[in-house]
Structure formats: structure tokens, C-alpha cells
Amino acid sequence: MRALLRALPDIARMIMRLTGDPLLPKAAKIALAAAVLYLVSPVDLIPDFIPVLGALDDLLVAAILVDGILNYVDRGLVLKYWPGSAESLERIARAAGMLAAWVPRRLKMKIFSGRP
């Protein structure tokens, strides 16, 4: 979880760059946009003013987003925009995968790849 928190600035940079790539599937662009809107919105499932728990829903959405991108978008495309090393991206993938494990794989595939 710490690895994911420390990497948030790099993840944000990657997402901004990735969304402009014409090779990114439309479904993934929509998922990225929806997640970013949720993360910047002042309205959350758990209000941000509640210590620790307030950031939990944002962290889970970020983990689902990262897990979906890394598992359902071409890894080479993701690495093209990742500001760190392939090894650091793999650490982030493991952390995000643990947090996003409760989301059904089929749902993530549908959200990020547009395939049923």
C-alpha cells in the first residue's frame, strides 16, 4: 500500500500521458476519466475529512484503476508513459493487485478493454 501511495504522482503523470495516446482503447479512456473525476471530486463514499478512512475510498479507486490499466492495457504502451523503471511499475502492479483483488476480473476486463 505504501508503494502505491508513494507512486501516486508518477501514476497521475502516466495517466495524463496515456489518455492522449490514440492506441489506448476507448473503454480504458472512459474508465480513466471516470476515476479521475471521482478522485478529484469533493463528494466521496467516505468523506475526506474523516481521518484515515476518508482517503481509503480514493486509494481503492486508484488501486482498481492501476490494476485495470496494468492488466488490460498493453504493457508496452503503459511502459512508454511510465516515468520510472519496469521494476518499479511491477511493484506498483503487485500493490494495486492486492488492493483490487475483490473486484471481479470479468468486470475489470469489461471496464478497461471494452470486451465482455
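1. Val 36 is placed in helix α3, where helices (H or I, at least four residues) and strands (E, at least two) are DSSP runs numbered from the N terminus. The model is predicted: local features need pLDDT of at least 70 and side-chain atom pairs count only at pLDDT 80 or more, while totals for chains, interfaces and linings use all residues. Residues are numbered from 1 along each chain as its sequence is written, and side-chain values use heavy atoms, with hydrogens and water left out.

2. Val 36 counts as partly exposed, at 32% relative accessibility. The classes follow relative accessible area: buried is under 20%, exposed is over 50%, and partly exposed lies in between (1.4 Å probe, protein chains only). Between Val 36 and Thr 19 the C-alpha separation is 11 Å, for 17 residues in sequence.

3. Further positions of α3 deserve mention. Ala 34 belongs to helix α3 and is partly exposed, with a relative accessible area of 46%; its C-alpha atom is separated by 18 Å from that of Pro 9, 25 residues apart along the chain. Leu 37, also in helix α3, is exposed at 59%. From Leu 37 to Pro 83 the C-alpha distance is 23 Å, and the two are 46 residues apart in sequence. Val 40 lies in helix α3 and is exposed, with a relative accessible area of 60%. Val 40 and Met 14 are 26 residues apart in sequence, and their C-alpha atoms are 16 Å apart in space.

4. The largest pocket has a volume of about 360 Å³. On a 1 Å grid over the protein atoms alone, a cavity is a set of points where a 1.4 Å probe fits but cannot get out, whereas a pocket is an open set with protein on both sides within 12 Å along at least five of seven lines; lining residues have an atom within 4 Å of a point. Grid points are joined across faces, edges and corners, and a volume is the space filled by probe spheres set on the points.

5. The lining of the largest pocket comprises 18 residues, and Leu 8, Leu 39, Asp 58, Leu 59 and Ala 62 lie nearest the centre. At least two lining residues come from each of α2 (8–19), α3 (26–40) and α4 (53–72). The largest share, seven residues, is supplied by α4. By class, this lining has 17 nonpolar, no polar and one charged residues, with Ala, Val, Leu, Ile, Met, Phe, Trp, Tyr, Cys and Pro counted as nonpolar, Asp, Glu, Lys and Arg as charged, and the others, Gly among them, as polar.

6. The second largest pocket holds about 230 Å³ of space. Its lining includes Ala 31, Ala 34, Trp 102, Val 103 and Phe 112. Two or more lining residues are given by each of α3, α4 and α7 (105–113). This lining divides into eleven nonpolar, no polar and no charged residues.

7. Which angle do the axes of α4 and α7 make? They cross at roughly 75° and come within 9 Å; axes are lines fitted to C-alpha atoms, for helices over the stretch in contact, and angles run from 0 to 180 degrees between N-to-C directions. The two helices, α4 and α7, are therefore roughly perpendicular (65 to 115 degrees; under 35 is roughly parallel, over 145 roughly antiparallel, and the rest oblique).

8. In the contact (heavy atoms within 4.5 Å), Ile 64, Leu 65, Asp 67, Gly 68, Ile 69 and Tyr 72 of α4 meet Arg 105, Lys 108, Met 109, Phe 112 and Ser 113 of α7. The contact residues of α4 with α7 divide into six nonpolar, two polar and three charged.
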